[in-house]
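Dear colleague,

I am handing over the structure below, and I would be glad if you could look through it before reading on. My notes on what was found follow it.

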Amino acid sequence: MLSDIEISQQTALEPIEKIAESIGLTADDIELYGKYKAKIGYKKLQEIAASPFDDGRLILVTAITPTAAGEGKSTVSIGLGDALHLLNKNVIIALREPSLGPCFGTKGGATGGGYSQIAPMEEINLHFTGDIHAVTTANNLLATIIDNHIYQGNKLGIDEKTIVWKRCLDLNDRTLREITIAQGAKINGVERRAQFCISVASEVMAILCLAENIADLKARLSKIVVAKDFKGKYVTAADLNAVGAMAAVLKDALKPNLVQTLEHTPALVHGGPFANIAHGCNSLIATKTALKLADYVVTEAGFGADLGAEKFMDIKCRQGHIAPSAVVIVATIRALKMHGGIEKDKLNEENLVALNDGFDNLRVHVENMQKFGVPVVVAINRFVTDTPEEIALLKQKTEEIGVKAVLCEGWEKGGKGVEDLAQEVIKMCDEPNEFHYMYQTEEPIEDKISQIAKEIYRAKYADFSDLALQKIRAYSERGYGELCVCIAKTQNSISHDKALRNAPHDYALPIRDVSLSAGAGFVVAYAGNILDMPGLPEHPAAENIDVDDNGRITGLF
């Protein structure tokens, strides 16, 4: 059996100019990054944004709570796009860029799998067009300017003990979570404690993914709060005169990247905020561009529907003034059996009892998505070990809650294996849509967090620490009370506790801390022990990656 990277490397791709032409872009509209990658230029982006044409239909692909058994959200997203393409629909896929941290860690890349992949797989998963490097540089440029300002006399009176801006790196490196900088001689700077986050958790990444043009990017960067002065006033990136240089570094990164699937369906792959920390969606500029160029746009949101999908609705759709026409929830029988209490080494065995018990996880996600007023369908991402009896039971259970479940075989068959889902999605896009948000931004911050805790996470209440309440009051007093909220928590449970599988409910959701992402337009609430700099496992995926004398990469997945 061929690996994902072998399948990708053995597939002949079309020149990217031909893919661009298929969605109405000329050679002058794109900027080439080799034979199979390109960015859409600003002149064309401005023309598209001003276009009077109606938007296409936006299809959100999300999933049940992730497990070690695998769910395949990206594989289904790409397969669905290919299936719509096979049905002669004008479609564009809009996905996030992979982070190097997961690529070298446990999760691997994010380009799909089997015969439902975007390509060139290894280039997208590694450096791609340099967007995440640009985010890293812009973030660390601001950090450098902060410490240099203090060293050079500190005219703004920055209280170094209140600095909240972290440096970042797009790798899983737990040793950088808490560090001391400027040790040794005074010429090295002012010694202080500092932190790193992973680049995709940086507010700069969130800003890049929510900005609609350069002017909006600069306006958002200017609002970044980095510290307080000795009088308690917030100090921003604008106060430090850092905005112009940061925007210059991000100038090309703001342009969406055009690639293709193995079946030559056009895909805009752009932006990559984590959904367990940030808002977990691809860039707004890529999504809105795709909606002007295509009749159907397939996008996805990170991790389970409790994380990425909720943030897609409440943050991305709200800020971008867009709305989904349909929601696809990806589930696997293997993962549902794991939620039902079966360990990974027993998942290949038929177990209808565990599947029945684990169905509660899928049920909660379906109910949660229905609360936003959008039609929902379940995609069963099929594994070879799934039995006919298990498939029949899962379809029966979904029918009992009023939702259709469709078998998908994109990994094995590409778009052809997802045509049934595509047909269902086309019908759903024509159904009545009463899309609405989970909360209103004018509600108090505590109320917005509590609403998500109760309605989406099924907690009995949100338990705020004194520190969290103190910061929330300060944010509200300074005019940030009407921002969206973005809850950072584990992706491995609907709750804050990764050990709680399936569908936990009636617990207290601990909000231990909050932070302000004023440029991104949201307040981050930290539930439980979530960290914004992951660590590597005992045997990271990096150990299996290699390159031969001809530059051919192996071991990437």
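**Salt bridges**

A search of the whole structure, which is a predicted model, finds 30 salt bridges. One of them joins Asp55 to Lys292, with the closest N and O atoms 3.4 Å apart, and this pair links distant parts of the chain, since Asp55 sits in the loop between α3 (42–49) and β3 (57–63) while Lys292 belongs to helix α11, 237 residues apart. Asp55 is partly exposed, with a relative accessible area of 41%, and Lys292 also counts as partly exposed, at 23%.

Another salt bridge is formed by the side chains of Arg220 and Asp216 (3.4 Å, N to O). Because Arg220 and Asp216 are four residues apart in helix α9 (residues 214–222), about one helical turn separates them. Arg220 counts as buried at 11% relative accessibility, whereas Asp216, at 21%, is partly exposed.

Glu424 and Lys404 form a salt bridge as well, their closest N and O atoms being 3.4 Å apart; Glu424 is in helix α17 (residues 419–429), and Lys404 is in the loop between α15 (388–400) and β18 (405–408), 20 residues apart. Glu424 is buried, with a relative accessible area of 11%, and Lys404 is partly exposed at 45%.

**Helix α11**

The helix that holds Lys292 deserves a look of its own. Eight of the ten residues of α11 (residues 284–293) are buried, so this helix is largely enclosed by the rest of the structure; among the buried residues are Leu284, Ile285, Ala286 and Leu293.

**Pocket and cavity**

The second largest pocket has a volume of about 1,300 Å³ and is lined by 44 residues, of which Val164, Lys166, Lys471, Asp513 and Ser515 lie nearest its centre. Strand β21 gives the most to this lining, with six residues, and the lining of the second largest pocket divides into 24 nonpolar, seven polar and 13 charged residues.

The largest cavity holds about 70 Å³ of space, and its lining includes Glu97, His127, Phe128 and Asp170. Helix α7 (residues 131–151) supplies the largest share of that lining, three residues, and the lining of the largest cavity divides into five nonpolar, three polar and three charged residues.

**Surface**

Finally, Tyr151, Ile187 and Val190 make a nonpolar surface patch of about 280 Å². Ile187 lies in the loop between β8 (179–181) and β9 (192–194) and is exposed, with a relative accessible area of 65%.

With best wishes

How values were computed
Residues numbered from 1 in each chain as written. Predicted model: local features only at pLDDT ≥ 70, side-chain atom pairs only at ≥ 80, totals over all residues. Heavy atoms only, no water. Patch = residues over 30% accessible without salt bridge, like charges linked within 9 Å, V, L, I, M, F, W, Y side chains within 5 Å. Areas by Shrake-Rupley, 256 points an atom, 1.4 Å probe, with all protein chains shown as cover. Salt bridge = Lys/Arg side-chain N within 4 Å of Asp/Glu carboxyl O. Helix = DSSP H or I, 4+ residues; strand = E, 2+ residues; numbered from the N terminus. Buried < 20%, exposed > 50% of the residue type's maximum accessible area, 1.4 Å probe, protein only. 1 Å grid on protein atoms, 1.4 Å probe; cavity = no way out; pocket = protein on both sides within 12 Å on 5 of 7 lines; lining within 4 Å. Points joined across faces, edges and corners; volume = space filled by probe spheres on them. Nonpolar A, V, L, I, M, F, W, Y, C, P; charged D, E, K, R; others polar.
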